[in-house]
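Here are a few notes to read with the model open beside you. Take the points one by one and find each spot as you go.

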Amino acid sequence: PSTTRPGTVCGAPLDAAGDHTMSCNYGGYKTYRHSRLVAKLRAILREAGCRVAPREVEVPGWRRPDGRGTRLEVSYVEDGARHFADVSIRSPYRADLLAQAAAGDGVAARRGEEDKLADYPAVPDAGLDAVQPFVLESFGRLGQCAQDMLRHLRQRLAEEAPHLRGWAGHALYNRWLAQLSVALQESHFASAQAAWGCGGAPLEVWQRPAELVAPLVWAVLPF
C-alpha cells in the first residue's frame, strides 16, 4: 500500500511506477502541490506588473452548491480590472479520461478547463468575467488557457520593457514554464518520498539544480 505518513497507509495499492502518489488524497500532498503552484502563479503575475491579492478571496457572484460564496486563491488587478484565475492539476490517468488521453494530447487539461468555466462563468450582473482556468496535467503539460495567459503576460511586459521583446521575451516565458514545472515535480517528489517511507520532505537533491533538476526542466521546455 501507499504510505503517506510514517507508520500509516492510505489503503490503496502503490503501482509499480508510483503514479498513485500524484493523485492520492491522503496526507495533504494534493493541497501542498496545489499551494506551490498557486504561489508560483502569483509570483509570475506580480513580475508581469499585476497587483495580486496575497491570499484567497471570497467571490459572492459565484455560488457553491450549498449557497456560500466561492473562494478563489488567485485574484489580481490588471490595468484597473479585477480578474480571477483558478489553478487545477488533472491526471490523464483518471479512469474516465484514460482512453481519450491515450489517443490525444492535452485531454485532461481541456476537461479541467471546461469544468472550471462551467463552475465560474461570466456573471455580467455581478461584474464578473469568466474565471481564467490555469490547468496543468500531472506530468507537466499546461492547458491552452494557461499557455495563453502566460503569453499574454509576456506580451504585457514586452510592451512596457523593450528589452524583453524578441528572444528575451521567449526566454522569460520559458523561465516561467520551468518554475512551474519544478514546483510541480518537487511536490510530486515529496509525495513519492512519503510513499517510500522517507517522511515526505524534499531531500537535498532539490538543492542541487545544476546537475539534477536542470534535466527535468529541459525536458518540459517547448524546444
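Predicted model: local features only at pLDDT ≥ 70, side-chain atom pairs only at ≥ 80, totals over all residues.

1. Residues are numbered from 1 along each chain as its sequence is written, and side-chain values use heavy atoms, with hydrogens and water left out.

2. Look for an open, mixed sheet of four strands in the order 3-6-7-8. Strands are DSSP runs of E with at least two residues, and helices are runs of H or I with at least four, numbered from the N terminus; two strands pair if DSSP finds at least two bridges between them. Strand 3 (51–52) and strand 8 (132–137) are at the edges, each with a single partner, so one side of each has no neighbour in the sheet.

3. Strand 3 and strand 6 run antiparallel, joined by two bridges. Arginine 51 has valine 77 of strand 6 as its bridge partner.

4. Helix 1 (residues 29–47) packs on the sheet and touches strands 3, 6, 7 and 8 (contact means heavy atoms within 4.5 Å).

5. Now find aspartate 79, in the loop between strand 6 (74–78) and strand 7 (81–90). Aspartate 79 isn't a glycine, yet its phi is positive, about 55 degrees. Most residues other than glycine have a negative phi.

6. Is cysteine 50 buried or exposed? Cysteine 50 is buried, at 7% relative accessible area (buried means under 20%, exposed over 50%, partly exposed in between, with a 1.4 Å probe and protein chains only). Cysteine 145 is partly exposed at 26%.

Notes
Axes fitted to C-alpha atoms, helices over the stretch in contact; angles between N-to-C directions.
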